[in-house]
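Here are some numbered notes for a colleague who is opening this structure for the first time.

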Amino acid sequence: MAITEEFKQELKARTDIADVISSYVQLKRSGRNLVGLCPFHNERSPSFSVSRENGFFYCFGCGAGGDAITFIRKIENLDYVDAVKLLAQRAGMTVPEDNENDGMGNLKRRICEANRAAARFYHRKLYSPEGKHALEYLRGRGLTEKTIIHFGLGYSPKDRFELVNYLKSKGFSNNEIIQANLANQSKRGYPFDRFSDRVMFPIIELRGNVIGFGGRIMSDIKPKYLNTSDTPVFNKSRNLFALQFAKNKAKGQLILVEGYMDVIALHQAGFENTVATLGTSLTQEQAMIIKRYCDEVVICYDADEAGQKATQRAIGILRPTGINIRILTVPSGKDPDEFIKSYGDQGSARFRMLLEKSGNDTEYRLSKLRSNYNTGIPEQKVAFLTKAAALIAELDNPVEQDVYISRLSKELDVEKESLKRLVNKNNRRNYREMRKDEQFRAQARMSGLNDRMNKDKQFNLKAANAEEALIALMMNNPDIAQKVSQELPSEKFVTQFNKNIYKVLLKRLETGEEISVSDVSGEFSEEEMASITRMMLSHPKEPDPVLAAEEYTQILIEQSERLTPEQAETADYDTIMEELRKLREKKK
């Protein structure tokens with residue numbers, strides 16, 4: 001779908017980037033900008049900045065950046081058109097339809113249609129003679145017919161071509177079936193069913209589209225669970241199982257478990273605010289989704305070693321979001337599904353008791369840490385308190401730190417001030433390490449060593465910096481951009497990435513279109529927009545933009561005439577001597 005320039009300009013006028021982002025991030029004013037904790041990576045101190053005046057955001061920690069559309073694309077996992085539609089809906093606008101072919105949009109629609117057809121196919125197979133053992137398996141796990149139908153559970157037949165043939169009979173092409181990851185492609189190019197002889201769990205997103213599947217084997221064959229790989233409509237790191245049901249039952253709290261069966265068992269037992277990750281550990285994107293729908297999350301992972309490690313990791317990911325975290329540990333090493341079934345009719349009441357008694361994440365971590373030491377032995381007591389002080393120092397709230405310092409000092413009979421000094425020592429160390437990381441990232445950005453977008457920068461630092469400064473200058477001063485475009489052809493740009501940006505600006509100038517950050521976001525990916533935003537922040541408005549433009553232009557002309565290392569290796573004698581002559585003249 002081609003979105004007209006007129007529509008984009010109206011959407012831009014109606015969209016306040018600060019209002020958009022504050023729906024996801026708690027922002028506070030800092031000078032002319034707004035700051036908050038970045039939603040795209042874990043951090044304790046705010047490095048995420050929003051400029052309402054310039055219409056862009058940037059994180060100095062992870063490098064994410066762009067306009068309001070870029071933010072929505074990134075946080076909602078949408079393509080450009082869908083992000084525009086979401087913002088338009090928010091602004092009370094309707095995106096005008098056109099007759100142009102939207103290749104990716106059509107493919108996504110067809111994948112969702114193929115997934116829906118596959119879900120119906122699997123569900124019918126569950127109640128067919130060949131799916132009898134799968135249905136008995138689900139009933140044996142204590143699931144009622146109502147629950148099976150509610151979650152749309154199904155069965156993938158053993159025949160590796162049955163689903164493919166069915167979908168092809170419905171008009172889906174081999175490419176669409178493979179792109180949906182419903183089939184794999186053989187060496188000869190033929191598709192065959194990805195799932196075989198498995199109980200199937202449809203994964204449904206918030207708009208009701210079936211975007212993928214999880215399949216559980218009913219034997220000892222590995223892997224036990226097989227999930228849809230990432231597709232144009234599905235990213236396992238950015239979705240949660242059963243969220244479409246749980247969000248309406250959350251009431252400020254979500255329960256996070258590990259597997260599909262745990263989710264379904266808890267929903268059946270009345271805990272319909274339960275969700276699970278999709279075959280992966282909890283991700284930052286999933287943590288932000290959880291934050292969107294509740295103020296408190298209860299982590300209820302398996303009690304085995306792997307589950308406890310996953311709990312510790314999830315705490316580290318969830319805590320920076322500011323969400324309240326509680327930990328529910330199921331006794332006797334059972335998972336929630338096993339626990340509820342073991343108590344029969346009393347399972348739901350017993351689980352609710354565990355839920356009500358669950359402690360917060362700090363208490364859980366201190367308890368786990370303490371279990372590794374015998375605090376009756378002085379040496380081990382000191383070792384535990386040293387580790388505990390480091391853990392308490394991770395807490396952002398000084399009052400919260402003081403509560404746990406007071407509690408431990410009483411429990412272990414140590415002076416509160418001594419323990420407080422130990423915590424403060426860790427506070428100072430954490431601050432120094434944070435500042436060191438910030439300085440390292442700043443140096444890396446300046447040198448171009450870690451510039452993933454512009455691989456040429458570290459080898460052409462002077463030219464690349466001049467290119468970036470000129471691009472920022474043009475976007476900040478559209479009135480002189482036309483003059484620059486006439487005097488400096490794109491061939492004079494040395495690095496390819498910056499040359500591509502410059503070409504986009506030239507093209508828009510030729511057609512009389514705007515060239516601000518928000519105007520060009522449709523031309524670039526999320527990562528590219530982050531780099532462009534960084535350029536804008538690194539090169540603020542010049543006091544004399546005309547003079548600055550002339551200086552940057554001259555640098556680029558000079559740099560473009562220099563021999564590159566690759567050219568020098570193959571250059572003849574006369575070319576090299578001419579290059580040396582130019583360098584001597586420049587020194588004079």
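1. A nonpolar core, as the term is used here, is a set of buried Ala, Val, Leu, Ile, Met, Phe, Trp, Tyr and Cys residues joined through side-chain atoms within 4.5 Å. Please keep in mind throughout that this is a predicted model. The largest such core has 61 residues, and those with the most contacts inside it are Y122, L182, F213, F241, I255 and F351. Helix α5, covering residues 103-126, supplies the largest share of this core, with 10 residues.

2. Leaving aside neighbours within four places in sequence, I255 is in contact with L266, F271, N273, T274, V275, V298, C300, F351 and L355. In soluble globular proteins, nonpolar side chains tend to be buried together.

3. How many of the residues of strand β10 are buried? For this strand, which covers residues 210-217, the count is 8 of 8.

4. The loop between β10 and β11 contains P223, and the peptide bond that joins K222 and P223 is cis, with omega about 0°.

5. Elsewhere, 5 strands form an open sheet in the order β1-β2-β3-β4-β5, with antiparallel pairing. Its edge strands are β1 (28-30) and β5 (65-66), each of which pairs on one side only. Inside the sheet, β3 (residues 48-51) and β4 (residues 56-59) are paired over 4 bridges, and V50 stands opposite F57 in β4. Helix α24 (residues 526-538) packs on this sheet and touches β4 and β5, its direction making about 95° with that of β4.

6. Does the length of helix α18 agree or disagree with what its residue count leads one to expect? At 1.5 Å a residue, its 14 residues (398-411) should span 20 Å, and the end C-alpha atoms are 20 Å apart, so the two agree. At the start of α18, a side-chain oxygen of N397 reaches to within 2.9 Å of the backbone nitrogen of V399. The buried residues of the helix are Q401, Y404, I405, S406, L408 and S409, and α18 is followed by D413, whose phi is positive, near 55°.

7. R365, in helix α16 (residues 361-370), deserves a look of its own. R365 counts as buried because its relative accessibility is 16%, and, not counting residues up to four places away in sequence, R365 touches Q312, I315, L391 and E394.

8. Two further backbone details can be checked in loops. N181, in the loop between α9 (174-179) and β7 (183-185), has a positive phi of about 60° although it is not a glycine, and N181 is buried, with a relative accessible area of 11%. D197, which lies in the loop between β8 (191-193) and β9, has a positive phi of about 55° and is not a glycine.

Note on methods: Residues numbered from 1 in each chain as written. Predicted model: local features only at pLDDT ≥ 70, side-chain atom pairs only at ≥ 80, totals over all residues. Heavy atoms only, no water. Buried < 20%, exposed > 50% of the residue type's maximum accessible area, 1.4 Å probe, protein only. Helix = DSSP H or I, 4+ residues; strand = E, 2+ residues; numbered from the N terminus. Contact = heavy atoms within 4.5 Å. Expected span 1.5 Å × (residues − 1). Polar contact = N/O pair within 3.5 Å; in protein donor to acceptor, adjacent residues only side chain to side chain. Pairing = 2+ DSSP bridges. Axes fitted to C-alpha atoms, helices over the stretch in contact; angles between N-to-C directions.
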